[in-house]
Amino acid sequence: MSAERKIDIFSGLILLLSFIAFIMVIIGPFAYAFIGGYTYYYSCLDCENSTPGDYSSQIFILVLLILQIIIAINELLPNKFIKKDTTKYGLFIAFLTLLFTIVGIVSFGTAYIAYDWWADIGFYGPLVAGILNILFSYFKLKNK
């Protein structure tokens with residue numbers, strides 16, 4: 001008899017997407033605005049032109065992505081370090097990631113509404129990860 005271990009594909013995808021989104025927030029700007037001439041204002045973790053709303057949203061997004069990574073790793077391990085079922089928590093955290101991403105871009109957009117502004121890689125990573133992690137967590141919850 002062989003003990004076959006079923007790999008949870010949804011947890012693997014959540015882990016991958018959360019890790020990629022985490023890296024995108026760390027290395028890339030969240031948004032930027034064209035002020036005029038050759039002047040651009042960037043919003044990122046180490047930029048001076050971030051608004052308090054989008055800067056704090058980026059911090060919350062990083063914390064939420066770390067929590068998603070921890071939950072996904074827990075689900076993939078044979079001996080879980082969190083014994084409780086964490087699927088509902090993962091769904092809620094993915095929703096919060098999406099919510100804080102939207103709050104951050106709205107904060108930046110309202111601060112620089114008089115200028116041309118647009119979102120960048122630090123916004124799109126958590127946005128896509130939040131949407132897909134909600135879907136994967138939902139499918140995972142339905143398959144239990």
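**The sheet**

Mentor: Three strands form an open, antiparallel sheet in the order 2-1-3. Strands and helices here are DSSP runs, numbered from the N terminus (E, at least two residues, for strands; H or I, at least four, for helices). Two strands pair if DSSP finds at least two bridges between them. The model is predicted, so local features need pLDDT of at least 70 and side-chain atom pairs count only at pLDDT 80 or more, whereas totals for chains, interfaces and linings use all residues. Residues are numbered from 1 along each chain as its sequence is written, and side-chain values use heavy atoms, with hydrogens and water left out.

Trainee: Which strands stand at the edges?

Mentor: Strands of a sheet pair through backbone hydrogen bonds, either parallel or antiparallel. Strand 2 (39–43) and strand 3 (116–119) are the edge strands; each has a single partner strand, so one side of each is left without a neighbour in the sheet. From one strand to the next, the twist averages 20°; axes for such angles are lines fitted to C-alpha atoms, for helices over the stretch in contact, and angles run from 0 to 180 degrees between N-to-C directions.

Trainee: How many bridges join strand 1 to strand 2, and how many join strand 1 to strand 3?

Mentor: Five bridges join strand 1 to strand 2, and four join strand 1 to strand 3. On the strand 2 side, G36 stands opposite T39. The hairpin of strand 1 and strand 2 has two residues between the strands, and G37 takes a positive phi near 65° there. On the strand 3 side, A33 stands opposite W117, and F34 has D116 as its bridge partner.

**Aromatic pairs**

Trainee: How many aromatic pairs does the structure hold?

Mentor: Rings of Phe, Tyr and Trp (its six-membered ring) pair if their centres lie within 6.5 Å; planes under 30 degrees apart count as stacked, over 60 as edge-to-face and the rest as tilted. The structure holds 15 such pairs. One of them joins F34 and Y40, with centres 5.1 Å apart and planes at 50°, so the pair is tilted. The rings of F108 and Y112 have centres 4.7 Å apart and planes at 45°, so this pair is tilted. One aromatic cluster is formed by Y32, F34, Y40, Y42 and W118.

Trainee: Are F34 and F108 buried or partly exposed?

Mentor: Buried means under 20% relative accessible area, exposed over 50%, and partly exposed in between (1.4 Å probe, protein chains only). F34 has 25% relative accessibility and therefore counts as partly exposed, and Y40, at 38%, counts as partly exposed. F108, at 0%, counts as buried, and Y112, at 10%, counts as buried.

**The nonpolar core**

Trainee: Which residues have the most contacts inside the largest nonpolar core?

Mentor: A nonpolar core is a set of buried Ala, Val, Leu, Ile, Met, Phe, Trp, Tyr and Cys residues joined through side-chain atoms within 4.5 Å. The largest one has 21 residues, and those with the most contacts inside it are F30, A31, I61, I105, F108, F123 and F136. Two or more residues each come from helix 1 (9–27), strand 1 (31–36), helix 2 (52–76), helix 3 (87–111) and helix 4 (121–142). Helix 1 gives the largest share, five residues.

Trainee: What does I105 touch, not counting residues up to four places away in sequence?

Mentor: Contact means heavy atoms within 4.5 Å. With those residues left out, I105 touches F30, A31, W117, A119 and F123. Q58, a residue of helix 2, is buried, with a relative accessible area of 0%. Leaving aside neighbours within four places in sequence, Q58 is in contact with V25, F30, S43, C44 and L45.

**Salt bridges**

Trainee: How many salt bridges does a search of the whole structure find?

Mentor: Side chains of opposite charge can pair when their charged atoms come close. A salt bridge is a side-chain nitrogen of Lys or Arg within 4 Å of a carboxyl oxygen of Asp or Glu. The search finds two. In one, K140 pairs with D8, the closest N and O atoms being 3.4 Å apart. K140 lies in helix 4 and D8 in the segment before helix 1, so the pair ties together parts that are 132 residues apart in sequence. K140 also forms a salt bridge with E75, with the closest N and O atoms 3.5 Å apart. This pair links K140 in helix 4 to E75 in helix 2, 65 residues apart. Both K140 and E75 are buried, whereas D8 is partly exposed, with a relative accessible area of 21%.
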